Amino acid sequence: NDAARAMRLVAEHVHVIAEGAAACAVAAAVSPAMAARKHKKVVAIVSGGNIDLEKFAELVTSVKH
């Protein structure tokens with residue numbers, strides 16, 4: 001799941017817990033489609049943290065890097 005991968009990416013690299021909806025912006029920013037467009041700078045606004053920590057842990061451990 002792209003959102004779960006993005007949640008894990010944000011947690012590992014920025015040390016922020018992002019809920020699924022917020023992680024969608026990051027998932028889009030790191031997607032192959034964006035890479036194909038060769039954008040040099042992309043901004044993703046990540047807000048919230050409206051997720052149960054147990055659910056967060058379940059999601060981020062279920063996906064590979």
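**Inside and outside**

Colleague: Is A6 buried or exposed?

Modeller: A6 sits in helix α1; helices (H or I, at least four residues) and strands (E, at least two) are DSSP runs numbered from the N terminus. Buried means under 20% relative accessible area, exposed over 50%, and partly exposed in between (1.4 Å probe, protein chains only). The relative accessible area of A6 is 3%, so A6 is buried.

Colleague: Before we go on, what is left out of the side-chain values?

Modeller: This is a predicted model, where local features need pLDDT of at least 70 and side-chain atom pairs count only at pLDDT 80 or more, while totals for chains, interfaces and linings use all residues. Residues are numbered from 1 along each chain as its sequence is written, and side-chain values use heavy atoms, leaving out hydrogens and water.

Colleague: Which residues does A6 touch, not counting those up to four places away in sequence?

Modeller: Contact here means heavy atoms within 4.5 Å. With residues up to four places away in sequence set aside, the partners of A6 are A23, V26 and A27.

Colleague: And how far apart in space are A6 and V60, C-alpha to C-alpha?

Modeller: In sequence, 54 residues separate A6 and V60. In space, their C-alpha to C-alpha distance is 8.7 Å.

**Helix packing**

Colleague: How are α1 and α2 oriented towards each other?

Modeller: Axes are lines fitted to C-alpha atoms, for helices over the stretch in contact, and angles run from 0 to 180 degrees between N-to-C directions. The axes of α1 and α2 come within 8 Å and cross at roughly 85°. Angles under 35 degrees count as roughly parallel, over 145 as roughly antiparallel, 65 to 115 as roughly perpendicular and the rest as oblique. That makes α1 and α2 roughly perpendicular.

Colleague: How many residues in the contact of α1 with α2 are nonpolar?

Modeller: D2, A3, A6, M7, L9 and V10 of α1 meet G20, A23, C24, V26 and A27 of α2. Ala, Val, Leu, Ile, Met, Phe, Trp, Tyr, Cys and Pro count as nonpolar, Asp, Glu, Lys and Arg as charged, and the others, Gly among them, as polar. By class, this contact has one charged residue, one polar and, for nonpolar, nine.

Colleague: At what angle do α1 and α4 pack?

Modeller: Helix α1 covers residues 2-14 and helix α4 residues 53-61, with their axes 8 Å apart. The contact joins A4, M7, R8 and A11 of α1 to F56, L59, V60 and T61 of α4. The two helices are roughly perpendicular, at an angle of about 105°.

**Pocket and loops**

Colleague: What is the volume of the largest pocket?

Modeller: On a 1 Å grid over the protein atoms alone, using a 1.4 Å probe, a pocket is an open set of points with protein on both sides within 12 Å along at least five of seven lines, and lining residues have an atom within 4 Å of a point. A volume is the space filled by probe spheres set on the points, which are joined across faces, edges and corners. For the largest pocket, that volume is about 220 Å³.

Colleague: Which helix gives the largest share of that lining?

Modeller: Eleven residues line the largest pocket, and D2, R5, A6, L9 and V30 are the closest to its centre. The largest share, six residues, comes from α1.

Colleague: Is H15 buried or exposed?

Modeller: H15 lies in the loop between α1 and α2, with a positive phi near 60°. Its relative accessibility is 69%, so H15 counts as exposed.
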